[in-house]
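Please read these notes with the structure open beside you.

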Amino acid sequence: MDNQTHNTIVSFIWGIADDCLRDVYVRGKYRDVILPMVVIRRLDAVLEPTKQAVLDMKKRMDDAKITNQTPALCNAAGQSFCNSSPFCLRDLTSRAKRQALKADFIAYLDGFSPNVQEILEKFKFRNQIDTMIDADILGAVIEKFVTPTINLSPSPIYKDDTKTEIRMPGLDNHAMGTIFEELVRRFNEANNEEAGEHWTPRDVVELMADIVFTPVSDKIKDATYSCYDGACGTGGMLTVAQERLLQLADDTGKNVSIHLFGQEINPETYAIAKADLLLKGDGDQSEHIYFGSTLSDDGWATYRYDFMLSNPPYGKTWKTDAEKMGGKKDILDSRFNGTLDDGTQLTMIPRVNDGQLLFLLNNVAKMKTDTPLGSRIAEVHNSSSLFSGEAGSGESNARRYLIENDLVEAIIAVPEKMFYNTDLGTYIWVISNRKETRRKGKIQLIDATSMKYPLTKNLGKKNCEFTEDLRHQIVDIYMRFEESEVSRIFENRDFGYWYVTVERPLRLRVDPKKQIPVTALKAAELKAYCAAIANLPHGTPLDDWMAFSKATKMKATLLKKVRPFITEKDPTAKPVEGEADSDLRDTEIIPFSFTGGIDAFIEKEVRPYAPDVWAEDNQTRIGYEISFTKYFYRIVELRTMKDIIADLKTLETETEGMLADIIGGVSNE
């Protein structure tokens, strides 16, 4: 299919909305009718040649009282779907009365096989029928889709019965899928306030596919591969991954096939993803899209995949999922609870207001470990995944698990305003369990924030894109694996740190003359206290709580009660053995890279200012964070005072000239 034919069909279908729906639907709702109608018309056109064979088969099975008819009917249709109603879509254009059209259209829809019924159900297309009937536009919409002006059939339309000259070429499955994707893209962009939730810009997906497949292009064999997206939206990442792998195989002379798997929780985008695969002739693949939440209802729990691409929701609560999984504190799912090589157990459950890291952990749990290629993952996140959460938190533990297991190959900072619904910075995480030797134990950070091409018109908040040349530049930086202004290479341990609680001793000065509230002690206790103080040996030190308490010979319980009333903190007093002063408690973040570790840091950086300090070992936690700002900070050279003064003098001269002109003009008048 040439570009002109493609554009003609897309423009015609796009125009149906303005021609038929404009006065009935708001613009943001056009897709509720147009997208399912495109699916229906394409399936209808594909099934037309075998319609009679399907009806004949249905009659035979009805006569034989066979109830499970779908497999045989699909076989008669020669497709993975069928329609057993007595109608084709064009038959319905002759209905003059609204109610007759409504009844027959519903009967026509009911005739589709279960896989199509699910798509229509998730589109909620039947909800639109009454609206279109009441507005008397259903007939017009159907007529537009069956018009001879366009051809959505896989068979060509000829100029005459001799069939010697083609008037309109047929659309193969790939061409039809491309048209459908283009319509989805247009509707997403027209309704861009929601687009970013379900649809990743094509240029970003192309870069992710480049990063996933290019490094292993020489390792692709004659084989079957699998690709998965746990937040697949409309399925764009899966189809791009499929195209890229097939193209790569074609370029290298390999014979490969790819099985696509996905999961989506939004009904409409789930329907679009399934419909897209069905329209491309991938009937079996469409059954691999699972409806439901990836977090609390993993549809592919036992599966492992070669390649995974995803753009999960970020900054979005997963509280409902947490409740379904037994509550945040009681989640035992092995995807989100990991074990390090040294046996350390890590709980990687983040805050309920942002579950994006859970999607990455879900992908990691689905990596293949028994193949030479292993698995490769590219996943989009915002900056929260880089540094949110303190040491020991779910987010930090997730980073620790990924980094200490040497799974992170690279993280690429994407330009701001690259997505439709956010102007914040985003990052592509590249994960692999089969790192090249040169990458083992290392992570490459790539600053691609300045690598962008401006759009002539903003699409929501998206004001720039990756051109093919820019994508190649980024992939080249990744493949070269060298230090530069936009590429930094670090050891894994460079991102780790100890979060150390630093204590100083409690120092108390005693004043036994202080009054104790009557209500603080029982009569017997007060009597015992007064007797102990009266018998206190002369010279008992009051700046040493340990010596004072021993000299009083009071019971520990009584001492504990009276201490708050007869003491006050004094930095010159002697330390209370085994007790820290909570008011002086502090914390230190000590990088793993600090020579000598915690003890050396305390000795060199803390003890010179507080000689009595110590680190509380049992409260030390390990954390990991990644800061692009820190590693790619560029010092802006300040202007010299000489330059500033010169500019001021120039402005002063210009201002005086302007003032002279103004005054001169006024005096002349």
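1. Lys122 lies over the face of Phe291, 4.5 Å from the ring centre. A charge counts as sitting over a ring if NZ of Lys or CZ of Arg is within 6 Å of the ring centre and within 35 degrees of the ring normal. Arg439 gives another case, with its charged end over the ring of Tyr478 and 4.2 Å from the centre of that ring.

2. A word on the source: this is a predicted model, in which local features need pLDDT of at least 70 and side-chain atom pairs count only at pLDDT 80 or more, while totals for chains, interfaces and linings use all residues. Residues are numbered from 1 along each chain as its sequence is written, and side-chain values use heavy atoms, with hydrogens and water left out.

3. How many aromatic pairs does the structure hold? The count is 23. Rings of Phe, Tyr and Trp (its six-membered ring) pair if their centres lie within 6.5 Å; planes under 30 degrees apart are called stacked, over 60 edge-to-face, and the rest tilted. The pair of Tyr108 and Phe112 is edge-to-face, because the planes stand at 75 degrees, with the ring centres 5.3 Å apart. Tyr108 is buried at 1% relative accessibility, and Phe112 is buried at 4%. Here buried means under 20% relative accessible area, exposed means over 50%, and partly exposed is in between (1.4 Å probe, protein chains only).

4. Phe213 and Phe307 make a tilted pair, because their planes are at 55 degrees; their ring centres are 4.6 Å apart. Phe213 lies in helix α11 (residues 202–213) and Phe307 in strand β6 (residues 307–310), so this pair ties together parts that are 94 residues apart in sequence. Helices (H or I, at least four residues) and strands (E, at least two) are DSSP runs, numbered from the N terminus.

5. One aromatic cluster is formed by Tyr228, Phe261, Tyr290, Trp300, Tyr303 and Tyr305.

6. Now the charged pairs. Side chains of opposite charge can pair when their charged atoms come close. A salt bridge is counted when a side-chain nitrogen of Lys or Arg is within 4 Å of a carboxyl oxygen of Asp or Glu, and by this rule there are 45 salt bridges. One of them joins Arg186 to Glu182, with the closest N and O atoms 3.5 Å apart. Both residues lie in helix α9 (residues 173–190), four residues apart, which is about one turn of the helix. Arg186 is partly exposed at 23% relative accessibility, whereas Glu182 is buried at 17%.

7. Arg244 and Asp210 also meet in a salt bridge, at 2.1 Å from N to O. Arg244 lies in helix α12 (residues 236–252) and Asp210 in helix α11, so the pair ties together parts that are 34 residues apart in sequence. Are these two residues buried or exposed? Arg244 is buried, and so is Asp210. They also belong to a network of salt bridges that links Arg202, Glu206, Asp210, Glu243, Arg244 and Arg471.

8. The side chains of Arg607 and Glu603 form a further salt bridge, at 2.7 Å from N to O. Arg607 is partly exposed, with a relative accessible area of 26%, and Glu603 is partly exposed as well, with 44%.

9. Two single residues deserve a look. Pro415 is in the loop between β10 (408–414) and β11 (426–432), and it is buried at 1% relative accessible area. Not counting residues up to four places away in sequence, Pro415 touches Thr426, Ala448, Thr449, Met451, Lys452, Cys464 and Phe466, where contact means heavy atoms within 4.5 Å. Arg400 lies in helix α18 (residues 394–404) and is buried, with a relative accessible area of 9%. Leaving aside neighbours within four places in sequence, the contacts of Arg400 include Leu340, Thr344, Ile622 and Tyr624.

10. The last point concerns helix α25 (residues 641–668), where Leu648 is found. Leu648 is exposed, with a relative accessible area of 53%.
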